[in-house]
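Subject: Handover of the structure

Hello,

Here is the structure I promised to pass on. Please open it first, then read my notes below.

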Amino acid sequence: SFFRLSLAVVLTTDRFQPPTKMHVCTFLSCVVVAVLAAGYALIGHESQYVFTPKAMEEIARHGIKNSNHTAEGIIAAVVTELQRRYPRYISSNPKWVLNNAGGAMGSMLVLHASFSEYVIIFGTAVGTEGHTGRFLAEDYFTILYGEQWAYPPGAVQREVYKPGDQHFLPMWHSKQYRMADACWALEYARGNIVSMLPFGFFDTFFSTLDFVTLYHTVVATAELMIQQIMIGKI
């Protein structure tokens, strides 16, 4: 038949060569890249968001107003209000972990982590400074206690954020920031949260070598992400 004749011609021609390991590896690499790109494209859409920047600002100001004005009191009030408003999405047993990223060091209380959003309390009792990072996500940093300074490239005067102020970092922008003394904030990010993870991990490998903290960070984040997936939250 015509099909058999065509197949015989293909198999006997000098041009036909079976795929090599290099060809297979290249093909599989392309498939992996395509899958990852598709996954990235599917993360960070308005329909996936549970929280809003305005709600985070309201909750932060509520905590500042309805507390004893100590860092501990404000943080406790904010966490309680978040748990009350979002019982399905805010951890009932959040964990504190140290965090080194962009040259800055602090600690964070992981309250929510999913592929499209995270909510944490971040800050330091002794001060720190560093690079904000540049992400495929928006970041809303609402000051609870203390003061944060920041500036983008080209600015010669610092931006100053005090309790109740919300510092907005647009997607794919970056700044230098500083907490000159004790400072704590409610941080909310929305977008492609997966793209932010390397920024939070790389200082471990190239600076601190604190793999115990890395372990606790991964466990705390992964547990919450899995919990959110189980209830259909991306």
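A definition first. A nonpolar patch joins nonpolar side chains within 5 Å, taken from residues with over 30% relative accessible area and no salt bridge. Keep in mind that this is a predicted model.

**The surface patch**

Phe202, Phe205, Phe206, Leu209 and Phe211 make a nonpolar surface patch of about 590 Å². Helix H5 provides the largest share of the patch, with three residues. Phe206 lies in H5. Is Phe206 buried or exposed? Its relative accessible area is 70%. The cut-off for exposed is over 50%, so Phe206 is exposed.

H5 covers residues 197-208. Its twelve residues should span 16 Å at 1.5 Å a residue, and the end C-alpha atoms are 17 Å apart, so the two values agree. Just after H5, Leu209 takes a positive phi of about 55°.

**The overall picture**

The protein has six helices and ten strands. Of its 234 residues, 41% are buried. The protein exposes about 13500 Å², and carbon and sulfur atoms supply 64% of that area. Now look at contacts with a separation of 6 or more: residues 24 or more positions apart account for 70% of them.

H4 runs over residues 71-85. Its 15 residues should span 21 Å, and its end C-alpha atoms are 21 Å apart, which agrees. Several residues of H4 are buried, among them Ala71, Ile74, Val78 and Leu82. What covers the buried residues of H4? The cover includes helix H3 (53-65) and strands E1, E2, E3, E5 and E10.

The largest nonpolar core has 25 residues. Those with the most contacts inside this core are Met56, Leu82, Tyr86, Ile121 and Leu186. H3, H4, E2, E3, E5 and E10 each supply at least two residues of the core. H4 gives the most, with six residues. A second, separate core has 23 residues, including Ile120, Phe141, Ala185 and Ala189.

**Salt bridges**

How many salt bridges does the structure hold? There are nine.

- Glu46 and Arg190 meet through their side chains at 3.8 Å, N to O. Glu46 sits in the loop between H2 and H3, and Arg190 in strand E10, 144 residues apart. Glu46 is exposed, at 58% relative accessible area. Arg190 counts as buried, at 9%.
- Arg84 and Glu81 meet at 2.7 Å, N to O. Both lie in H4, three residues apart, about one turn of the helix. Arg84 counts as exposed, at 57%. Glu81 is buried, at 9%.
- Glu223 and Lys95 form a salt bridge, with the closest N and O atoms 3.9 Å apart. Glu223 lies in helix H6 and Lys95 in strand E1, so this pair ties together parts that are 128 residues apart in sequence. Glu223 counts as partly exposed, at 38%. Lys95 is partly exposed too, at 39%.

There is also a network. Salt bridges that share partners join Lys54, Glu58, Glu81, Arg84 and Arg85.

Best wishes

Key
Residues are numbered from 1 along each chain as its sequence is written. This is a predicted model: local features need pLDDT of at least 70, side-chain atom pairs count only at pLDDT 80 or more; totals for chains, interfaces and linings use all residues. Side-chain values use heavy atoms; hydrogens and water are left out. Helices (H or I, at least four residues) and strands (E, at least two) are DSSP runs, numbered from the N terminus. The expected span of a helix is 1.5 Å times one less than its number of residues. Buried means under 20% relative accessible area, exposed over 50%, partly exposed in between (1.4 Å probe, protein chains only). Contact means heavy atoms within 4.5 Å. Patches are made of residues with over 30% relative accessible area and no salt bridge: like charges are joined within 9 Å, nonpolar side chains (Val, Leu, Ile, Met, Phe, Trp, Tyr) within 5 Å. Accessible areas come from the Shrake-Rupley method with a 1.4 Å probe; for residues, only the protein chains shown count as cover. A salt bridge is a side-chain nitrogen of Lys or Arg within 4 Å of a carboxyl oxygen of Asp or Glu. A nonpolar core is a set of buried Ala, Val, Leu, Ile, Met, Phe, Trp, Tyr and Cys residues joined through side-chain atoms within 4.5 Å.
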